[in-house]
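Here are a few friendly notes to read alongside the model. Please keep the 3D view open as you go through the points.

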Amino acid sequence: TALHTYLDERKTELGMLSFDDLEYRALKLLNKDDKVLAKCRQKYQYIMVDEFQDTNERQRQLIYLLAGGSKDELKGRHLFVVGDAKQSIYRFRGADVQVFAKVREEIKQSGGRDIVLAKNFRSRKKILDFCNQVFKVLLSASRQHNMPFEALEPDDQEGIIKPIFWVLEYKKEQRELERQCEGRLIAGEILRLHQEEKLSFSKISI
């Protein structure tokens with residue numbers, strides 16, 4: 001388009017490259033120059049990519065080349081990826097959660113392991129039950145997500161302190177006002193807990 005042509009001309013004049021340009025040119029170079037590819041593979045013998053749910057197809061091809069295969073084939077050489085499809089939030093800038101699903105499957109097909117870390121040690125059962133119930137519906141209804149839902153499991157130790165669990169629903173037209181109310185509600189609850197804590201210490205000291 002005329003806009004892309006104009007942007008390309010301006011970037012050339014200013015000697016600048018966008019992030020997309022860097023991805024495109026890097027992939028083009030690795031496909032074209034075997035010596036450069038061999039040198040990169042020697043330098044990056046082990047590759048670990050975090051937040052893989054937010055990658056795109058071009059990035060997948062780059063990683064496959066560096067990991068020892070072609071841009072379209074994974075041979076299972078020293079590649080480790082970490083991700084959570086439920087946390088894929090960068091579709092607006094080109095991320096494709098289906099790339100994560102594809103790589104997981106190809107890692108298994110190439111003899112690698114697919115390790116699911118389903119146990120959550122940070123949240124109580126009541127919270128996880130609610131999240132599993134809600135997000136199973138939300139993700140199942142998302143055509144972009146299109147991946148099997150993987151529920152989180154609570155740790156066996158419930159502990160003495162029980163969680164406080166609220167669900168706040170916002171109306172779009174009152175969002176700012178309701179966020180202020182949310183802040184007051186949370187601050188009031190913290191104050192109440194603090195006062196109860198002081199009272200319990202007072203009883204113990206007596």
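1. Asp-21 sits in helix 2, residues 19-32, and counts as buried because its relative accessibility is 18%. Buried means under 20% relative accessible area, exposed over 50%, and partly exposed in between, with a 1.4 Å probe and protein chains only.

2. A word on the source: this is a predicted model, in which local features need pLDDT of at least 70 and side-chain atom pairs count only at pLDDT 80 or more, while totals for chains, interfaces and linings use all residues. Residues are numbered from 1 along each chain as its sequence is written, and side-chain values use heavy atoms, leaving out hydrogens and water.

3. Now the overall layout. The protein chain has seven helices and four strands, in the order α-α-α-β-α-β-α-β-α-β-α from the N terminus. These are DSSP runs numbered from the N terminus: helices are H or I of at least four residues, strands E of at least two. Of the 206 residues, 21% count as buried.

4. Helix 2 also has a partner: its axis and that of helix 4 come within 10 Å and cross at roughly 35°. Axes are lines fitted to C-alpha atoms, for helices over the stretch in contact, with angles from 0 to 180 degrees between N-to-C directions. Residues of helix 2 including Phe-19, Tyr-24 and Leu-27 take part in the contact, and those of helix 4 include Arg-58, Leu-62 and Leu-66; contact means heavy atoms within 4.5 Å.

5. Which residue has a positive phi although it is not a glycine? That is Glu-51, with a phi of about 50°. Most residues other than glycine have a negative phi. Glu-51 belongs to the loop between strand 1 (47-49) and helix 4 (57-67), and is partly exposed, with a relative accessible area of 41%.

6. Finally, look at helix 3, residues 34-43: one of its ten residues is buried, so this helix lies largely in the open. Its N-terminal end is capped by Asp-33, which has a side-chain oxygen 3.0 Å from the backbone nitrogen of Lys-35.

Notes: Polar contact = N/O pair within 3.5 Å; in protein donor to acceptor, adjacent residues only side chain to side chain.
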